[in-house]
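Biologist: I'd like a close look at one part of this model, and then how other parts are built. Could you walk me through it?

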Amino acid sequence: MRSVIHRDKPKVALLFGSFNPIHEGHLAILRYLCEHTDAAQVRLVVSPQSPFKQGQGLLDNARDRLEAAREAIAREKLPVEVTDVEFALPEPRYTINTLHHLRQTEPDKDFVLVMGGDNIASLERWHKADEILRDFEIWVYPRPGTDAQPIVDRLNARRATKGVKLFTEATLYDISSTQIREKMASGRPDAPARPSVYDVIVIGGGITGVGVARDCSLRGLKVALVERDDLTNGASGRNHGLLHSGARYAVNDAESAKECIKENLILKKIAPHCVDPCDGLFITLPEDSLDYQKQFLKACRKAGIHAEALDPKEAIALEPAVNPKLIGAVRVPDGSVDPFRLVFANALDAQKHGADILSYHEVRGLRMDGRRVVGVDLYDIRGRQEKHLEAPIIVNAAGTWSGQVAAKAGAHITMYPDKGTLLVFGHRVNQMALNRCRPSSDADILVPGESVTILGTTSQRLEPSEIAGARPTPEEVDLLLSEGAKLAPQLMQTRILRAYCGVRPLVATDGSDGRSISRGIVLFDHEERDGIPGLVTIAGGKMMTYRLMAEMTTDLVCRKLHWDVPCTTAETPLPEAIVRNDRFGGKLVCECENVTEEEIRYAIDNLGARNLVDLRRRTRVGMGTCQGQLCALRAAKMLPDPDLRGFVNERWKGVYPVAWGEAMREAQLAQWIYKNPQYLQEP
Amino acid sequence: MKFDAIIIGGGHSGLPRATELQRSGRRCLVVCAGESPRRFVEPVWSQKEARRAFEALGGTFLMGDSVVRGLFTDHRLMAVQTANHGRTRFEAPLFYLATGSFFSGGLVATHDAILEPVFGLDVDYVGGHADWVSPDFYADQPFMRFGVRVDEAGHPFLNGQPIENLYAIGSVVSRL
């Protein structure tokens, strides 16, 4: 009899939170609870305590949050009661205390606790979790990025669990994200300020930015990533592509070396499609010291890097391209990594988990509320309109431009932009990455990448104003060649495809030359450092450690948002951001890199490629031995806005410093094809 | 072997000149590096037609051969030898160089210099490789005007001396 009464009690669904402020995601859940469940009543339980110490949220006052929630619910005409019941309860305010209080005051109702699929994992660590599970039904709404089903099953398998139900209907999230997108699309400069739909805004579409966006979205945070150009446009798309084992840093920077080897092993596991585990040799030439090799071997072992000294003859047998004059060699687990694929794989996974990736959106300013950063003022370059986004935390991952972004909030970071120039050779000269076993210098790394070989690099300090116009110079090319030939003499006879340069986003510590500055990870909590809440800067580091940088940043973001979800990026595989040829066998557009029409269509439809430069980054069209001369026209006709002129000039940037030999013949062919015919000269 | 004129290069400068000379009654030899895989964009079909017309007039066309040596006496080119014919001397009172520019191999850019590879003729160019190409693709490109220096009559120079019976024609000629 008692159980019948129990069953007949009307259900009251309770959504707890600080609602700082309430946003579309919350409203979508409330709407779902009202329309698709057997709840007789839905209540929003606003927590009086801001989860942000010293008021990091947008609305510091609990009453303001309560009012904002009431207004939003009235506006949406939802039959939801917004309650301040917790305001009167004594501290500490554990959920179980509120539930007990409600049951005592309203014994005729059956209270149901509603929580997100990302939060359920931590439920067992809550105060008196057993009691909650025993006495109250729990409804779990899915959150992108987490599969709550196994946890729900486990909790239900406990003897004393009342019942945990997972909403599996997809509608919840369709509603949410659709409406967010609609709101975004209609975002006009004069639109009234509306509640933030994002937990985090990441500035910068390089490897660090997409890494942070992925980590945050895997942990269930709603992320927007903004990038003023295309993804990979900065240093992430202009580097060696060396999958460091850490050996290069072992002697001078043990910490970086340890980070590298750890991340090296993780990347091989989570992103095998971006990595070529070809191993590397550190060679000692007659002019180098074998004492350094001893020091090097010792340092590698200390850092946990498997380093094996080889006899010169063994080394030549392993890598016939190596300089035969070598007097020593050490084999290490270096490799190569395709930075473009890695960036797009991270971006794609972030998107799959609900992140909005806004490329070609320039940050014109940071929105401030006093000293607090509360959002970004954007200019949508392609849509030619201003936009505004708000979030309680803004992550500055702008790489070389981090200093400029921080300055918009009044924080000062000194960057030491440092140009490095590299050369691409027309075929894969070496099968293993080759390094000089000596203190780092110019042109002492030779990395095989897919069908080419890349030699680098130089080091030249730039003024911030010089970053945008940085180009490889013929003088740097000459330096690279004369030094690089010592690694593999046949480079002198190998056709050079192009030169390119990137700008290392070094963060200043002490003044000295670019190589002595620590390449360590720098994470600034501007609230602590400068008294500017809401802004976090992640800088320094290197492509190899992007995942760790993202983890550290996201940990800090989560602490600030009181969002207790652990990092999973070290175990969760990255998706492939390209369509492989062999699945289709379609028509080839680019013979050099074997790119089909299907891949190009995929890049246009799914990866946001609009012009030829975008397409190159996503598919390698034009990166191969013809440097776009034969494929650019074919690909151009498939693209909405090809910008052939921009593409040709971008490719030329790399050809002009190496214009001799075969490159000169190609240069002449390019001039004939792309300059003379009138129809190719876009205005 | 003796000819009235020898034309080095069978492209769109060399072949028409050879045909013209042949029509005027001179026995001509054309040496053409031809259809190696490197020359993939050449207008092969129109070249075949032009060759047929030249041969119909009695001209001799060596396809797939190239001049490897010139024999000079007193600023005159006396004879040439080719890759396929060993020591055979092809002699003539009149020679034309029509080997084209960089793309066809009539000019070669090394890291430090621009060379004319058949005879080592004097080449007009400026500066080092940094000066040869403009950073803006659509700007004027100096290298497109490099070529062998010729006097007013069209004779190229070897070590500063014009070769009296050799003419350079087509895109191998300097336009600086």
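Biologist: Let's take the open sheet of three strands in chain B: what is its strand order?

Modeller: The order is β4-β5-β6, and the pairing is antiparallel. Keep in mind that this is a predicted model: local features need pLDDT of at least 70, side-chain atom pairs count only at pLDDT 80 or more, and totals for chains, interfaces and linings use all residues. Residues are numbered from 1 along each chain as its sequence is written, while chains are lettered from A and ligands numbered from 1 in the order in which they are written.

Strands here are DSSP runs of E, at least two residues, and helices are runs of H or I, at least four, numbered from the N terminus. Two strands pair if DSSP finds at least two bridges between them. In chain B, β5 (76–82) and β6 pair over two bridges, in the antiparallel sense. Opposite B:F90 in β6(B) you'll find B:V80. β4 (67–73) and β6 (90–91) of chain B each have a single partner strand, so they're the edges, and one side of each has no neighbour in the sheet.

Now hop to where the chains touch. Contact (C-beta atoms, placed from the backbone, within 7 Å) links 16 residues of chain A with 18 of chain B. On the chain A side, the elements giving two or more residues are α21 (644–655) and α22 (662–674). The largest share, six residues, comes from α22(A).

Methods: Contact = placed C-beta atoms within 7 Å.
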